[in-house]
Amino acid sequence: YSLMDQLRLGQQELKNQELESQNRSKRVNQMEKQSASMQARLSLEVDSRQVAEGDARASLQVANLLEKKNRKLEDSLKLAQKAQDHAEARLKELQDRAVALQSQNAYLASRVDGQEEDKAALKQEVKRTNEQIREATLNGQQLNKTLVGMEDELGALEATAAAMTAEMDYIKREDMLDETGRTKPILIQSNESNLVERLQINEFIYTAQQGKNPVPMLVEKVSHLLELLHTAQTQADQYLNDLSRSNGLVQALRKKNLSLFEKAQVYEGFKMRALMKFVSNSFDSGFCNLHLDGLNFTNKSMTELLRLLTSFSCVDQISTVRLSGNALTDDCVDTMLRIINAIPYIKLLDLSRNHFTRTGIQTFEDAVRQIEGITNVVRGGEGEKILAHSGNQLRLTILFKDQEDPQLAEDQAGFNAQDLSVKAADDFLNSAAGVVTGPVDPIMAGQAPTMQAESILPPIGKSAQHENTDNIPTHRGRR
């Protein structure tokens, strides 16, 4: 139908173009008539030219205009001819297309007649399919009913299986059975002691339970354990005796510690008074430079020395302070810096053969840099002395030759604590320095030093009468 409509539209368009072509032909005829009339007029005007030259010129101009119009009309005529040729070609093409569409329309009409027969066959097939669907629906309903019954049976079987599984688990728990139905071995678990592993008790219990008659093996092992308990009891008694002797030795050491503490206190007080008296006598005699080499000054002594310096008026006359060989450490750095600040004209401070570390020496250098008037501070003699300059003048020299290791000083000092109480003595006895390596004074303790004992326990599972003599419990020291 669309092709027929297109054909009708093409025919209508062709008719319109034919009408336009006819109209153009009429207009061309009219133009030709006009041209003829104008030529007649032109001839009349040529005749009248002879009468008036002015009219001739006007006629010539009109003729020229008419010629131009004529050329335009000729051009229009050519264009109309071309359009007519194109319309004729288009008409022929549309006619050919109309013929093709008519043939295609006839073919489609023949196919429509063939499809009518196919429609009838398909309708029959649809009927048969609907009948099969009805039968499948009935069969599905029957299968659903069967499935519901089978699900009920499956639920009952699962409940029965769960009940049987619970009953089997209860039987396994009550009879102590494993997954294969065999009896589980009874084992001992201990979180606080490793004797079960050392004596291999669980391995023995497992082996005994695997046998048919474990009673003889258990009796043998019980006797073995009793023997080990007897040996342990004997060793415990020996340890108690050693402990009592050790307690007597500790009490004697505590008494001696108290007496040593009193003597040390008296010695420290006497030493402090003697050192201060020595310094004050030096000042009273007019010898203001301090030569305190090898007097074992401590931080407390240095503090007292600083207090004594501030009480005398000859501080401005001190230029040399020698404190070499006094076992001074980094703890005395702050006190030494206060002494340097208290002596305004000090030129030499000798701190050789002490126990200052590199950090302490660096602290000295940083503090000297901050003294008012010091312009330059350098290290000399491979770091063995500090030279402080005030302009071009050498202001202060601090010597640090032959410094020893502070840890070595602590080891040499031994038990030289500030608090010589009983607790300090206990800490000393617990350290490596409190181990007795030689004979003990019988007057002090009356007993030999405590001996260490070690027992070697054999593993369970071997008979006591078949054991090797190397596994017999032995004592290290006494036997």
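Trainee: How much accessible surface does the protein chain have, and what share belongs to carbon and sulfur atoms?
Mentor: About 35,000 Å², with 53% belonging to carbon and sulfur atoms. Accessible areas come from the Shrake-Rupley method with a 1.4 Å probe, and for residues only the protein chains shown count as cover. This is a predicted model: local features need pLDDT of at least 70, side-chain atom pairs count only at pLDDT 80 or more, and totals for chains, interfaces and linings use all residues. Residues are numbered from 1 along each chain as its sequence is written, and side-chain values use heavy atoms, without hydrogens and water.

Trainee: What share of the residues is buried?
Mentor: 21% of the 479 residues in the protein chain. Buried means under 20% relative accessible area, exposed over 50%, partly exposed in between (1.4 Å probe, protein chains only).

Trainee: How many helices and strands are there?
Mentor: The protein chain has 10 helices and 6 strands. Both are DSSP runs numbered from the N terminus: helices are H or I, at least four residues, and strands are E, at least two.

Trainee: In what order do the strands sit in the sheet?
Mentor: β1-β2-β3-β6-β5-β4, in an open sheet with mixed pairing. Two strands pair if DSSP finds at least two bridges between them. The edge strands, β1 (290-291) and β4, each pair on one side only.

Trainee: And what does β5 pair with?
Mentor: Strand β4 (residues 376-380) pairs with β5 (residues 385-390) in the antiparallel sense, over 5 bridges. There, Arg379 stands opposite Ile386. β5 also pairs with β6 (residues 393-399), again antiparallel, over 6 bridges. Ser390 has Gln393 in β6 as its bridge partner.

Trainee: What sits between β5 and β6 in their hairpin?
Mentor: 2 residues lie between the strands, and Gly391 in this hairpin takes a positive phi near 75°.

Trainee: New topic. Which residues have the most contacts inside the largest nonpolar core?
Mentor: Leu305, Leu309, Met336, Leu351, Phe364 and Ile398, in a core of 41 residues. α5 (215-284), α6 (299-311), α7 (333-342), α8 (358-369), β5 and β6 each supply at least two of its residues. A nonpolar core is a set of buried Ala, Val, Leu, Ile, Met, Phe, Trp, Tyr and Cys residues joined through side-chain atoms within 4.5 Å.

Trainee: What is Leu309 in contact with?
Mentor: Leaving aside neighbours within four places in sequence, Leu309 is in contact with Phe283, Leu290, Val315, Ile318, Ile339 and Ile343. Contact means heavy atoms within 4.5 Å.
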